[in-house]
Structures are given as structure tokens and as C-alpha cells.
Amino acid sequence: MTLEQQLHERLQQLSPLYLEIINESAGHGGYFPGKESHFKVSIVSDLFNGLRLVQRHQKVYAAAGDLLSSGKIHALAIHAYIETEWTGSVPASPECAHAPKN
């Protein structure tokens with residue numbers, strides 16, 4: 001099972017109304033085909049109601065658990081919303097200074 005699939009499976013415990021995981025590894029230095037190191041998560045959950053942004057992120061980190069350890073996921077961008085905040089889009093990720101140049 002890929003890291004992306006494992007992350008998707010673990011985030012199900014947050015009862016997402018919407019969940020999108022994008023593997024952004026190809027846009028970062030040291031990339032090679034099949035590498036999984038950088039992900040962007042967009043998640044909408046009622047479990048975030050009443051929580052500050054940092055608390056929402058802590059819930060995502062806790063669900064991801066050891067997937068965030070050395071040699072697995074290096075970076076995780078989190079966009080965590082409650083249903084009334086969700087607009088259907090997330091901000092674009094910035095370009096990595098060490099990204100492969102075309």
C-alpha cells in the first residue's frame with residue numbers, strides 16, 4: 001500500500017465530508033518516479049467544529065501518526081475546514097526552491 005493510500009485510510013477516522021490528498025513530491029528536490037514525500041491534504045470534517053486551526057492540524061497529525069516519521073512523509077500541507085467554511089477550493093502550493101528545473 002502506498003503512503004498516499006495509508007494516509008487516506010488513516011484520515012478516515014476524522015469522518016471527512018470531503019477529503020483530497022495530492023502527492024506533490026514531483027515538485028520538490030530529490031524527486032524520482034514513485035517517490036512519496038510531500039503531500040497536500042484538504043479535509044472537511046464536523047469534528048473540527050469549535051477548534052482553532054492549530055487544533056485541527058493536531059488532529060490530522062495525530063491521525064497520520066507514524067507516517068510522518070523519518071523516511072516516510074517529509075512534508076504535509078494541511079487545509080482543514082468545517083462545512084460552512086468550505087468553498088470547494090484550496091490555495092495553490094508555492095513552488096519549492098529546490099524543485100527540479102525544466
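1. Buried is used here for residues under 20% relative accessible area, exposed for those over 50%, and partly exposed for those in between, with a 1.4 Å probe and protein chains only. The model is predicted, so that local features need pLDDT of at least 70 and side-chain atom pairs count only at pLDDT 80 or more, whereas totals for chains, interfaces and linings use all residues. Residues are numbered from 1 along each chain as its sequence is written, and side-chain values use heavy atoms, with hydrogens and water left out.

2. In helix α1, residues 3-11, the buried residues are L3, L7 and L11; helices here are DSSP runs of H or I with at least four residues, and strands are runs of E with at least two, numbered from the N terminus. These residues lie on the same side of α1, because they cover an arc of only 65° around the axis, taken from the directions from the helix axis to the C-beta atoms. Their cover includes β1 (16-23), β2 (38-45), α2 (53-64) and β3 (75-81), where contact means heavy atoms within 4.5 Å.

3. On the aromatic side, Y18, Y81 and W86 form one cluster, with rings of Phe, Tyr and Trp (its six-membered ring) paired if their centres lie within 6.5 Å, and planes under 30 degrees apart counted as stacked, over 60 as edge-to-face and the rest as tilted. By this rule there are two aromatic pairs. The pair of Y81 and W86 is tilted, because the ring centres are 5.3 Å apart and the planes stand at 55°. Y81 is buried at 17% relative accessible area, whereas W86 is partly exposed at 23%.
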